[in-house]
Structures are given as C-alpha cells and as structure tokens.
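This report looks at salt bridges, a surface patch, a pocket and a cavity. Keep the structure open while you read.

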Amino acid sequence: MMMQAEIIESFPLQGKIVDPPIIGRIEEALTNQVNEEVVKFISEQVDVTGNKILFLSSGYSEKKIDLDNLRTIVDLKKLNHRKDINSYFRSMNEKLPDAGIFIGCAESYTERKKRVQFASSKLLNAVLWATDFIVNRVFPKMPITKNIYHFFSRGKYHVMSKAEILGRLSYAGFEIIDHKTIDNLLYYSSIKTKEPKNDKNPSYGIMFKMNRISKNGKMIGIYKVRTMHPYSEYIQDYVVRLNGYNEVGKPARDFRLTSWSKVIRKLHLDEMPQLINFLKGDLSIVGVRPLSQFGYSALPLDLQEERIKYKPGCIPPNVALKMTGFNGVIEAERIYLKELKKSGYLTNFKYFWMALYNIVTRKSSSA
C-alpha cells in the first residue's frame, strides 16, 4: 500500500489505478492538478468504499491499465481536445461495469464565451465573439466548410454547449448524476446505466427529425427546426428531474434552448417542417401532441391508452383552448379527445380555426 502512495506522489495520477483506502493521498495528489472545489466535487461523487478508481490525464495510455475490478474513472483532461468524443465516451462505457461512475470535464460554450471576450472594448468583444461563433460553431456544421474545419483542427478541437456535452454522454449510455461549473470548466458526473444508443446519425443540423410516438404506439420521425442544442433530446429526463415543468408545460429553466429559440418558437417557425409529416401522412393538421417516449410515460395511464387510438397532429388542442402548464396541456387533450370521440372530424375543423385565431393574434406560441 505504501508503494502505491509513493506512485501517486511521483506521478500525479496520470493513468494510474489507485485503491480507495488511500483517499486522503488521492485528494492530496489531485490538489496538485486542480483546485480544492474540484477535489470536493470529485470526492462527493466517488464511492470511496468501492473498488478501484482510474484517474486519467495527459499521460494516459490504455495499454498500461489493468481494468480488473474497476468501478470509477475520473478524467482530468479537457474533453474538447478528444478526437472523436462519441467514440471516447463509448470506450469509457465499455471499460466500466454496470453502475460504474464516470467523471470528466469540458469547456462549454458559456465558459468559452467568458474566455474569448477578453478585450476592454464592448465592440471588440462583439467582433471577437461573432468571429468565434462563425468559425467554431457554424463552419463545423456546414456541408461546404465542415471538412475544411476538421482538416485544420485534426478533429481535436470541439466547441460545444453544456447540453451537447451532457447529451453526448447520455447518448453513450450514461445517466447524468450532477454537473457544476468550476474554474471556468464544466465538471460532470455520471453512472453507466445501459449500452450506447444505436442511432447512427444523432441530430446535428438546422432541421432534424425527432422520434415520437404515433397511432397504435408506432414510432415516427417528426421534422422540426432546431431550437435546442445538438443531442438535447437525450437529456430531457435530466432537465425535468432538475427543474420540473414551467407554466406552459415545458421543462423549466431549460439550458438546452438556443439563444434564438424564443423568437422562432414565438412565431411557430420551429414547427413549420411538420407540414412534411402531414404530406407524408404521419400527422393530422389537428391532434394530440406527438410525444417522446419520456413525455408519453409521464402522462396518466388512461390518457396514454386513449391518445394512441388517434393520429397525432401538427396543432395540439392546448393551442386552440389556450391552456398552459403541464396539467393544462393534459386537460386540453382530455377535452379534445372527448369531443373527437363524439363529433368526429368536425372537432378538428373547429379546433383548427380556434388555434389559427390564437396564433394570429399572438395568444399562443409553441413555447
């Protein structure tokens, strides 16, 4: 045991596996690399009574690592410089057993903004930020420029939002436990709960498809204009668990939303691509909201059973009835389904004109 303590002091946790009984020495060695608040965050997340802990930093080499009885991985290297983030997270998933803990850090877009805006002039800061946004956020997503960007960056330079970082982690089979901004870096802790997703092309473009439950429980892809950061769909449950729902029935204090989302949702522009789904026959013009699996599971059981008897719609009943909040949206669907069962498609005709009036007079928005 004494030999391991000496190794920790001589080689500050660079790819070393250490045993929890010497946690005091671990904290002492960590302090040489990160501040005390980071040490506290890691100590709060790691079960020091478990088996082995693997600490990673710039000296990490997989060939030197013994993975037997490994329960926790703490990565001190900034995620933004990993070449393929999804592959890296998948490799962490493979190394850990079920319920294994993974802790890491990254520079989110918010922290980057603070670092980039270093000038004393507001005008110069605006220019610096606009340039950084175009080069590091727009270029990697544009078909014409993304290959050029990745050629010069060698795939080892990523600028991501907090939602994308946590979303990629969830996409790789981890459930988010906690996150905290410390010393201008986002630290996150997670637990392995499942195998990585099989989605080959997670949403990343301006227009994308979301998996939603349709009639008879069939899954369909709903088109939308992006108002959330990439990979946001994978952490909806985490955001709701953190903050619950707001007054209009959406996740409260939702950090997944982009800066331009408010305007786009107010004008209902984010939902215009759903006309493609209507033309394909996936949606009616009016109908219950097409929900994700998580959103559907949050509904009362009787409403779940009733709503999948019908095709979902582009315009949900709460827009026509001007009902907001989680409970208001549920009640609007109950009223609509009761009328639909009684009056058939005349109900859709009535609700369409009611909703259109509310939209035109700005009494309703998609947010």
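## Salt bridges

Asp132 and Arg112 join their side chains in a salt bridge (2.5 Å, N to O). Asp132 belongs to helix H6 and Arg112 to helix H5, so this pair ties together parts that are 20 residues apart in sequence. Asp132 and Arg112 are both buried. Buried means under 20% relative accessible area, exposed means over 50%, and partly exposed lies in between (1.4 Å probe, protein chains only). A salt bridge here is a side-chain nitrogen of Lys or Arg within 4 Å of a carboxyl oxygen of Asp or Glu. Helices (H or I, at least four residues) and strands (E, at least two) are DSSP runs, numbered from the N terminus.

This is a predicted model: local features need pLDDT of at least 70, side-chain atom pairs count only at pLDDT 80 or more, and totals for chains, interfaces and linings use all residues. Residues are numbered from 1 along each chain as its sequence is written, and side-chain values use heavy atoms, with hydrogens and water left out.

The structure holds 15 salt bridges. Asp132 and Arg112 also take part in a network of salt bridges, together with Glu107 and Arg115.

Two further pairs involve helix H15. In one, the side chains of Arg289 and Glu333 meet in a salt bridge (3.2 Å, N to O). Arg289 sits in the loop between strand E9 (284-286) and helix H12 (293-297), and Glu333 sits in helix H15 (residues 325-343), so the pair ties together parts that are 44 residues apart in sequence. In the other, Asp302 and Arg334 form a salt bridge through their side chains (2.5 Å, N to O). This pair links distant parts of the chain: Asp302 is in helix H13 (residues 301-307), Arg334 is in helix H15, and they are 32 residues apart.

| Residue | Relative accessible area | Class |
|---|---|---|
| Arg289 | 22% | partly exposed |
| Glu333 | 1% | buried |
| Asp302 | 44% | partly exposed |
| Arg334 | 30% | partly exposed |

## The second largest pocket

Of its 28 lining residues, Tyr109, Phe133, Arg137, His229 and Trp260 are the closest to its centre. A pocket is an open set of points on a 1 Å grid over the protein atoms alone, with protein on both sides within 12 Å along at least five of seven lines; a cavity is a set of points where a 1.4 Å probe fits but cannot get out; lining residues have an atom within 4 Å of a point. Grid points are joined across faces, edges and corners, and a volume is the space filled by probe spheres set on the points.

Which helices each supply at least two residues of this lining? They are H5 (109-116), H6 (122-138) and H8 (162-171). H5 gives the most, with 5 residues. By class, the lining has 14 nonpolar, 7 polar and 7 charged residues. Ala, Val, Leu, Ile, Met, Phe, Trp, Tyr, Cys and Pro count as nonpolar, Asp, Glu, Lys and Arg as charged, and the others, Gly among them, as polar.

Leu166 is found in helix H8. At 0% relative accessibility, Leu166 is buried. Leu166 and Tyr234 are 68 residues apart in sequence, yet their C-alpha atoms are 8.5 Å apart in space.

The structure holds 2 cavities of 30 Å³ or more. The second largest cavity has a volume of about 40 Å³. Its lining consists of Ile213, Ser214, Val288, Arg307, Ile308, Tyr310 and Pro312. These divide into 5 nonpolar, 1 polar and 1 charged.

## At the surface

Val263, Leu267, Leu269, Met272, Leu275, Phe278 and Leu279 form a nonpolar surface patch, with about 680 Å² of accessible area together. Patches use residues with over 30% relative accessible area and no salt bridge; like charges are joined within 9 Å, and nonpolar side chains (Val, Leu, Ile, Met, Phe, Trp, Tyr) within 5 Å. Accessible areas come from the Shrake-Rupley method with a 1.4 Å probe; for residues, only the protein chains shown count as cover.

Helix H11 (residues 274-280) brings the largest share of the patch, 3 residues. Val263 lies in helix H10 (residues 261-266). Val263 is exposed, at 56% relative accessible area.
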